[in-house]
Amino acid sequence: MIVSLEGLRLFHLGCATGSLMLFFWRGVRQWQGRPVFHRLGRRIVPDTIDTLLLLSGLAMALRLQQYPFAASWMTIKLILVAVYIVLGFVAFRMDGHMRWRRAAWLGALLVFAGILGIVMAHLTGDF
Ligand code: HEM
């Protein structure tokens with residue numbers, strides 16, 4: 001194998017951290033009424049990191065043979081990832097009332113915490 005499983009894990013963790021930091025920063029800016037307008041911070045960097053997060057997750061799932069509908073933690077995680085993506089879309093990409101965008105952003109942060117909770121439960125052997 002070209003990349004070790006530990007390397008993939010670290011990479012995935014780094015992408016998850018970067019994704020959360022960018023998501024948080026963009027939301028704070030939007031909340032303050034000065035959203036990120038630059039294409040690099042608004043689209044290019046977050047989209048690249050999120051794509052790498054999904055791809056590294058997919059690579060690990062294949063390596064570890066942890067498939068949705070077979071491994072329950074993975075099923076729940078993927079459902080939460082889908083909800084996180086939809087809420088992120090509502091928070092930053094959809095035209096809508098600021099109240100809804102803020103609610104979607106807060107909801108997405110809670111869902112992100114849920115994803116981390118599922119991963120922790122899995123890694124500590126509870127799930
Ligand atoms: C918002 C999206 C995601 C977040 C925040 C996230 C977060 C994490 C974190 C923090 C870990 C633990 C890394 C470590 O070992 O220290 C992890 C592990 C893992 N993730 Fe993700 N992940 C996401 C998306 C995905 C996706 C889409 C997949 C699969 C398609 C996936 C599959 C995996 C697998 C297989 C592991 C390794 C579990 C093990 O070691 O047994 N992740 N994830």
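**Entry 1: helix 1**

Helices are DSSP runs of H or I with at least four residues, strands are runs of E with at least two, and both are numbered from the N terminus.

A note to myself on the source: this is a predicted model, where local features need pLDDT of at least 70 and side-chain atom pairs count only at pLDDT 80 or more, while totals for chains, interfaces and linings use all residues. Residues are numbered from 1 along each chain as its sequence is written.

Next I asked which residues of helix 1 are buried. I found His12, Cys15, Phe23 and Gly27. Buried means that 20 or more other C-beta atoms, placed from the backbone, lie within 10 Å of the residue's own. Their cover includes helix 2, helix 3 and helix 4. Just after helix 1, I came to glycine 33, which takes a positive phi of about 80 degrees.

**Entry 2: the whole chain**

I stepped back and counted 4 helices and 0 strands in the protein chain. Its pattern along the sequence reads α-α-α-α. The C-alpha trace spans about 45 × 30 × 20 Å along its principal axes. Of the 127 residues, 17% count as buried.

**Entry 3: the core**

I looked up the largest nonpolar core and found 10 residues, among them Phe23, Tyr84, Trp105 and Phe112. Such a core is a set of buried Ala, Val, Leu, Ile, Met, Phe, Trp, Tyr and Cys residues joined through C-beta atoms within 7 Å. Helix 3 and helix 4 each give two or more residues to this core, and helix 4 gives the most, with 5.

**Entry 4: around the ligand**

How many residues surround the ligand? I found 17, and the closest are Arg9, Ala16, Gly57, Met60 and Ala61. A residue counts as near when its C-beta atom, placed from the backbone, lies within 6 Å of the molecule. Helix 1 (5–31), helix 2 (39–64), helix 3 (72–92) and helix 4 (98–123) each give two or more residues to this shell. Helix 2 gives the most, with 7 residues. I sorted the shell by class and got 13 nonpolar, 3 polar and 1 charged. Nonpolar covers Ala, Val, Leu, Ile, Met, Phe, Trp, Tyr, Cys and Pro; charged covers Asp, Glu, Lys and Arg; the others, Gly among them, are polar.

Notes
A residue is buried if 20 or more other C-beta atoms lie within 10 Å of its own, exposed if 12 or fewer, and partly exposed in between; C-beta atoms are placed from the backbone. Two residues are in contact if their C-beta atoms, placed from the backbone, lie within 7 Å.
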